[in-house]
Every structure is written in C-alpha cells, then in structure tokens.
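Biologist: I'd like to learn how to read a model like this one. Could you walk me through it, feature by feature?

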Amino acid sequence: MRASSVVLLPHAPSSVAVARKRLSSELVDSGVYETIVDDASVIVSELLSNALRHARPLPSGQVRVCWLRRGDLLELEVSDGGAQTEPRRGPGTLSSLGGRGLGIVEALSEGWGVRHEDGATTVWAVLRAPRSPTGKNGRVAPATHAVVPDLADFPDLTDEPGDDLRDGTRNRTAPSRAYPA
C-alpha cells in the first residue's frame, strides 16, 4: 500500500462501495490482516455514509476519502463541505433506524474525532493495522523467515527402520468408528 491515498468521489451513495473496494484492495495488497481490512472498510463506509446523508459536498461537488499508514497505525478520513450540526455519536436505540454509525466507528477504532479546516469538515478515525506475517494469497512475506528444525531431534521421524516396525505397530491404521452408509 502506498503511504497514503486520497480519493475524490461524487457526493452520491455509489461512492461508498467504490471507497470500500479501493481501501480493501490496497490494504490486502500490503499484507494487512483480513479482520483489520474488514474493520477499516466498515469505518470508511460509516464515515462516508454519514457525510453523504448529513453534509454538503466540498466546493468541488465531491467528498474526499483519505487513508494514511504510519507504522502499525492506519488513519482514515472523510472530508465534506460541513453541515448544520457537528458529527457526534447518537444514542442508537434498538428502535431507531439510524444513529449507530459513529458508535460502530468508536467500537472498531482506537479513537475518532472531527476537524474543521478550509471550508471542510473532516471526520477521522485511527485503528491498529499491523501487517500479517503472510502476504497476499497466504504466501510468506519476504521479511518473514522460517526456521527448519533439526530432524535429529525427532527420532520418530527418521526413515530408518526400527524395532517398532518389526512388531507392526508403526503406521498402523486405527480401527474406524464410522458406520457404513
């Protein structure tokens, strides 16, 4: 993944899927754990959905989605043209149709907040995003080294016949408990 990405998207519901797909793709390609990729995708979806539902677009008519990786931290941001109210966590009661988005962001992240600058409102969240020891497609990442044990430490694994082969106990199949179909 690049150190950071900035994506300008239309102020439209279809932008949520585009942002989520691009973020997920970059995180997976960089070897971030799948669970973290999923959490980051949910966070971006919630932040962007809130911007589209409650705020105006930026002066360009778009919204801006950014992510930045600093070591094992991933910063996610969504910027819009602001709204009449400040983004805040709602009560999210069981009977309400909405109001859970920032509660979800709070639960999945290390923290979140709001920043106002240059005619834009930016809602951000930070989460821990360590890289997994295996890279994309389960391959070992280049920086990961495997240790090969000394087979002399495991005498049962050698190919030399021993006393246990003469009495027929080695490699014997255990009786099956399965019932015929």
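Predicted model: local features only at pLDDT ≥ 70, side-chain atom pairs only at ≥ 80, totals over all residues.

Biologist: Where does Thr 122 sit, and is Thr 122 buried or exposed?

Modeller: Thr 122 belongs to strand E5, which covers residues 120-128. Its relative accessibility is 0%, so Thr 122 counts as buried.

Biologist: Which side chain makes a polar contact with that of Thr 122?

Modeller: That would be Ser 79: the two side chains are joined by a polar contact of 2.6 Å.

Biologist: Let me step back to the whole chain. How many helices and strands are there, and in what order do the elements run?

Modeller: The protein chain has 4 helices and 5 strands. Starting at the N terminus, you read β-α-α-β-β-α-β-β-α. Of its 181 residues, 30% count as buried. For contacts, look at how far apart the partners are in sequence: among those between residues at least 6 apart, 63% join residues at least 24 apart.

Biologist: Now the helices. How should I describe a packed pair?

Modeller: Two packed helices are described by the angle between their axes and by the distance between those axes. Here, take helix H1 (residues 14-29) and helix H2 (residues 34-54): they pack at about 155 degrees, and their axes are 9 Å apart.

Biologist: Why do H1 and H2 count as roughly antiparallel?

Modeller: Angles over 145 degrees count as roughly antiparallel. The angle for H1 and H2 is about 155 degrees, so the two helices are roughly antiparallel to each other. Their crossing is right-handed. On the H1 side, the contact is made by Ser 15, Val 16, Ala 19, Arg 20, Leu 23, Ser 24, Leu 27 and Val 28. H2 brings Val 37, Ala 40, Ser 41, Val 44, Ser 45, Leu 48, Ser 49 and Leu 52. Sorted by class, this contact has 10 nonpolar, 5 polar and 1 charged residues.

Biologist: Let's zoom in on Leu 48 from that list. What does Leu 48 contact beyond its neighbours in sequence?

Modeller: Leu 48 lies in helix H2, and with 0% relative accessibility it counts as buried. Leaving out neighbours within four places in sequence, Leu 48 is in contact with Leu 9, Ser 15, Val 16, Ala 19, Val 63, Val 65 and Val 78.

Biologist: What about Val 18?

Modeller: Val 18 is in helix H1 too, but with a relative accessible area of 44% it is partly exposed. From Val 18 to Ser 45 you count 27 residues in sequence and 9.8 Å in space, C-alpha to C-alpha.

Biologist: How do H2 and H3 pack?

Modeller: H2 and H3 pack at an angle of about 150 degrees, with 9 Å between their axes. They are therefore roughly antiparallel to each other. H2 passes H3 in a left-handed crossing. The contact uses Asp 39, Val 42, Ile 43, Glu 46, Leu 47 and Asn 50 of H2, together with Gly 101, Leu 102, Ile 104, Val 105 and Leu 108 of H3. Its residues divide into 7 nonpolar, 2 polar and 2 charged.

Biologist: Which residues of H3 are buried, and what do they pack against?

Modeller: In helix H3 (residues 101-108), Gly 101, Leu 102, Gly 103 and Val 105 are buried. The buried residues of H3 pack against H2, strand E4 (111-117) and E5.

Biologist: One last thing, the backbone. Which residue has a positive phi although it is not a glycine?

Modeller: Look at Asp 118, whose phi is about 45 degrees. Asp 118 sits in the loop between E4 and E5 and is exposed, with a relative accessible area of 82%.

Definitions and conventions:
Residues numbered from 1 in each chain as written. Heavy atoms only, no water. Axes fitted to C-alpha atoms, helices over the stretch in contact; angles between N-to-C directions. Parallel < 35°, antiparallel > 145°, perpendicular 65-115°, else oblique. Left-handed = near helix turned anticlockwise from the far one by under 90°. Contact = heavy atoms within 4.5 Å. Nonpolar A, V, L, I, M, F, W, Y, C, P; charged D, E, K, R; others polar. Buried < 20%, exposed > 50% of the residue type's maximum accessible area, 1.4 Å probe, protein only. Polar contact = N/O pair within 3.5 Å; in protein donor to acceptor, adjacent residues only side chain to side chain.
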